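Hi,

Here is the structure I said I would pass on to you.

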Amino acid sequence: MTMRAPSSELPIEFDGVTVAAGGVTILDQITLTLAQGRPTVLIGPNGSGKSTLLRLAMGLLAPSRGRITWGGLDNVPPLKRAIVFQHPAMLRRSASANLRFALRAAGIPRAEHARRVDELLELVGLQALGNRAARRLSGGERQRLALARALARDPAVLFLDEPTASLDPIATKAVEDIIRAVSERNIKVVMATHDLGEARRLAGDIVMLHRGGIVERGAAPAFFDTPQTSEARAFLAGELLI
Amino acid sequence: MHMGADITKIDHNDGICARYLPNRISMTNDVSALHLVLSGDAALFAIVRLSLYVSLSAVVLAALIGIPLGAWIALTRFPGRQGVIVLLNALMGLPPVVVGLAVYLALSRSGPLGAFGLLFTPSAMIVAQTVLVMPIIAALTRQTIEDLWLEYRDELTAMNLGPLGRVAALIWDARFSLVTALLAGFGRAAAEVGAIMIVGGNIEGFTRTMTTAIALETSKGDLPLAVGLGLVLIVIVIAVNALAWSVRRAGERLAG
């Protein structure tokens, strides 16, 4: 993986985006710009719309109303975007074969596969486990393999949905170290979490969602030091937002 | 004509057989059955060969139709899909004699496929067993691929994979379950007697298989051959199940 120049995928702009399904409004009138830079972290309680927002930005879901553009264009296929879902599905193959599959899907020439697989396994610290069945890896190892598989696409933007939920501190640190390394290579990271500690450790800027709307957004230090809204203050104070 | 003669014989002999059976089962019969198997009796192994040829051909044909059909039903939404799935699952339990009768009617000289002259040939038996086995393979494939698709859908969509790439990935990742489905189909084909008896006619040296021969020889009272074939059939069924078991185990180890 090389350092990449700012990409035409960015900025991703949401303009009045609403998602409704079955009479329930999941996201309501979201206007938001995701630009090149340090990781953007989406925080908010469960059901606030974080995952839906990631799926929209990835292009897996179309808005009910409103418009999303990637670098100013509509309907850009997700060739330079990648996502790690909250529960990544591992193909029933070895760890290396999972990576080769992603490389093939991304149209990377076969001659480069062996080298890229080695690089990716090394990046996520799974060199020794390349031949292990992916579904037999531990939770933390699976999460790291899912990160490597997403990076196989050589993305300009990487979406992460609760990448460390249900991991222990050691596995969480391993995943967060990879996220930092990825961000330092100029890959834009957009990440959802409900772990405030993680948000503090990784975020460049914060978008706080509640009940399908953005309640507050801004640079991470300002958000954590001087939250402007009562919801943000309550959330930061550890109160249960319902 | 052969078939007519044989079937009459079976009917005719049923009563006799029932009357004489108790006296005729003896150690001598069992020993000579084993002797037939162990000495590699030519007639016996010709029958075994034909049985394997018919059933394996039927499984291959049924797989060529059933796997794509099952995958297609799993991945497509169309009106009446639920009904097709229920029908397919119901067809897994098709009575072999009814399949035999239907194929008999289709292949008989006045039937729609009569011009091919297939009735009372091994080809007719392959057709009948294909009809019998195909729903099993298609239904099991449908279930397997659909479950896997629910699990993989997000990932494969995010990788921007086209329809062919998706199907290929799903079939490949379902390979161990699909092999089990094929073996289930083979077990069904190898064990059935009703369909091939009707469309094959149980002609000696031509369409006589293990199961039809066992039915005939038992009713004739030639127990050594029947018992010998029964032993071979049971060994094959056990071997097939052992194979299915080891394929599953290997699959779990290699692919998780």
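Below is what I found, going from the contact between the chains to single residues.

One thing to keep in mind: this is a predicted model.

Let's begin where chain B and chain A meet. The contact draws 20 residues from chain B and 22 residues from chain A. Between them the two chains bury about 1900 Å², and 55% of that is on carbon and sulfur atoms. On the chain B side, B:E155, B:A158 and B:M159 lose the most area to chain A, together accounting for 31% of what that side buries.

What holds for charged and polar pairs across this interface? There are 5 salt bridges between chain B and chain A, and 9 residue pairs are in polar contact.

The largest share comes from α6(B), with 8 residues. Sorted by class, that side of chain B has 10 nonpolar, 3 polar and 7 charged residues.

Now zoom in on A:R93. You'll find A:R93 in the loop between β5 (81-84) and α2 (95-105) of chain A. Is A:R93 buried or exposed? A:R93 is buried, because its relative accessible area is 9%, and the cut-off for buried is under 20%. Its side chain makes a polar contact with the side chain of B:D173, at 2.6 Å. Leaving aside residues up to four places away in sequence, A:R93 touches residues of chain A, including A:N98, A:F101 and A:R132, and residues of chain B, among them B:A169, B:W172 and B:A255.

For contrast, go to A:P221, which sits in helix α7 (residues 220-225) of chain A. A:P221 counts as exposed because its relative accessibility is 53%, and exposed means over 50%. A:P221 and A:D205 are 16 residues apart along the chain, and their C-alpha atoms are separated by 8.2 Å.

Last, a bit of annotation. An unreviewed UniProt entry lists residues 12-236 of chain A as "domain: ABC transporter". Over that stretch, the chain is 36% helix and 26% strand, with the end C-alpha atoms 27 Å apart.

Cheers

Technical notes. Residues numbered from 1 in each chain as written. Chains lettered and ligands numbered in written order. Predicted model: local features only at pLDDT ≥ 70, side-chain atom pairs only at ≥ 80, totals over all residues. Heavy atoms only, no water. Helix = DSSP H or I, 4+ residues; strand = E, 2+ residues; numbered from the N terminus. Buried < 20%, exposed > 50% of the residue type's maximum accessible area, 1.4 Å probe, protein only. Polar contact = N/O pair within 3.5 Å; in protein donor to acceptor, adjacent residues only side chain to side chain. Contact = heavy atoms within 4.5 Å. UniProt positions renumbered as here; feature names shortened; annotations may be inferred. Buried area = accessible area lost by both parts, 1.4 Å probe. Salt bridge = Lys/Arg side-chain N within 4 Å of Asp/Glu carboxyl O. Nonpolar A, V, L, I, M, F, W, Y, C, P; charged D, E, K, R; others polar.
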